[in-house]
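Please open the model in a viewer and keep the selection panel at hand.

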Amino acid sequence: MTTVLEVRDIQKSFGKTEVLRGVSFSIERGEIFGFLGRNGAGKSTLIHILTGVKYPTSGSFQILGLPIEEAKRHIGVFPDIDQFYNEWTAMQHLTFFAKLQNMQCSKAELEALLCQVGLQNETKKKVKQYSFGMKKKLGVAQALIGQPDFIILDEPTSGLDPESAIHMRQLIHQMAANGQTVFVTSHNLNELEKMSDRIAILKKGRISNIGTMEQLRNVSNYAIEIHITLDRTPEEAFLQTLTTRYEVNDTNVTLFLQQKEDVAECIRALVFANYAI
């Protein structure tokens with residue numbers, strides 16, 4: 001498979017505040033990649049870095065194997081809908097943004113985009129008459145100008161009514177079916193679960209977990225962590241008899257367990273194996 005985005009140890013600080021603390025991941029062509037994090041977790045900061053608005057403090061990334069200045073023409077970005085021009089129509093917006101990106105798009109092509117997002121009957125309305133959901137749809141249409149290979153959608157379903165959210169998810173699946181790669185952020189796991197192939201969880205500036213929903217569920221089943229210092233480094237084969245998930249750093253061991261009863265079993269097994277805890 002072709003790697004569309006590769007992020008390597010991105011760090012970003014504002015003064016003494018660390019927002020991103022070594023973020024690394026990759027996205028393959030045609031994938032819908034969910035990026036989950038609470039508000040303020042650093043999702044928007046990463047998007048600003050990926051689009052060249054901000055520079056990382058350290059680390060690097062490539063889109064389609066290209067540096068950002070060359071990759072920009074292949075990227076579509078869902079904008080802040082509060083920045084639309086209230087006195088313009090949807091068609092005026094798309095025409096303006098196409099010219100801004102130096103793209104030769106016919107009126108028929110732009111009308112097709114509005115039809116794709118469900119605004120075909122609203123093209124003559126000024127944006128100030130649009131509902132919140134209609135503005136979101138216009139934002140997606142703007143991101144799709146020129147049919148970019150890589151599309152970044154920041155909280156596309158946030159604040160939408162259920163029917164509009166369903167339509168938005170269908171649009172995202174359609175993009176992937178067309179061979180486009182979609183990077184979508186949200187603070188809502190339930191939303192990302194409905195549309196993403198894989199999900200990365202951003203917590204305190206780091207990716208705490210990454211995988212399919214099935215993989216994330218398996219990890220979340222390990223609700224208990226116990227940290228133990230032993231008198232010697234344990235053998236991997238022995239640890240595998242205690243749990244399927246563990247971390248070893250010399251004599252420091254972390255065991256991930258599913259229930260409280262497992263703690264006593266592990267302690268008993270360590271004692272019987274003559275480990276000093």
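A residue is termed buried when its relative accessible area is under 20%, exposed when over 50%, and partly exposed in between, with a 1.4 Å probe and protein chains only. The model is predicted, so local features need pLDDT of at least 70 and side-chain atom pairs count only at pLDDT 80 or more, while totals for chains, interfaces and linings use all residues. Residues are numbered from 1 along each chain as its sequence is written, and side-chain values use heavy atoms, with hydrogens and water left out.

**The aromatic rings**

Rings of Phe, Tyr and Trp (its six-membered ring) pair if their centres lie within 6.5 Å; planes under 30 degrees apart are stacked, over 60 edge-to-face, and the rest tilted. By this rule there are 10 aromatic pairs. Select phenylalanine 25 and phenylalanine 35: the ring centres are 5.6 Å apart and the planes stand at 40°, so the pair is tilted. Phenylalanine 25 belongs to strand S2 (residues 17-28) and phenylalanine 35 to strand S3 (residues 32-36), so the pair ties together parts 10 residues apart in sequence. Strands (E, at least two residues) and helices (H or I, at least four) are DSSP runs numbered from the N terminus. Phenylalanine 25 is buried because its relative accessible area is 7%; phenylalanine 35 is buried as well, at 0%.

Phenylalanine 183 sits in strand S7 (residues 181-186) and phenylalanine 35 in strand S3, so the pair ties together parts 148 residues apart in sequence. Phenylalanine 183 is buried, at 0% relative accessibility. With Phe33 also displayed, the cluster that ring pairs form from Phe25, Phe33, Phe35 and Phe183 is in view.

**The largest pocket**

On a 1 Å grid over the protein atoms alone, a pocket is an open set of points where a 1.4 Å probe fits, with protein on both sides within 12 Å along at least five of seven lines; lining residues have an atom within 4 Å of a point. The largest pocket holds about 900 Å³ of space. Its lining comprises 31 residues, and Val77, Phe78, Pro79, Asp80 and Gln142 are the closest to its centre. Elements that give two or more residues to this lining are helix H1 (43-50), strand S5 (75-77), helix H3 (90-100), helix H5 (132-143) and strand S6 (150-154). The largest share, four residues, comes from H5.

**Salt bridges**

A salt bridge places a side-chain nitrogen of Lys or Arg within 4 Å of a carboxyl oxygen of Asp or Glu. The structure holds 11 of them. Select glutamate 18 and arginine 21, whose closest N and O atoms are 3.9 Å apart. Glutamate 18 is partly exposed at 39%, and arginine 21 is partly exposed at 31%. Next, glutamate 69 bridges to lysine 72 at 3.6 Å; glutamate 69 is exposed at 56%, whereas lysine 72 is partly exposed at 36%. Finally, display Glu87, Lys126 and Lys128, which a network of salt bridges links.

**A last stop**

Select threonine 251, in the loop between strand S11 (246-249) and strand S12 (252-257). Is threonine 251 buried or exposed? Threonine 251 counts as buried, because its relative accessibility is 18%. Leaving aside residues up to four places away in sequence, its contacts (heavy atoms within 4.5 Å) are Ile228, Thr229, Leu230, Asp231, Arg232 and Thr233.

Key:
Points joined across faces, edges and corners; volume = space filled by probe spheres on them.
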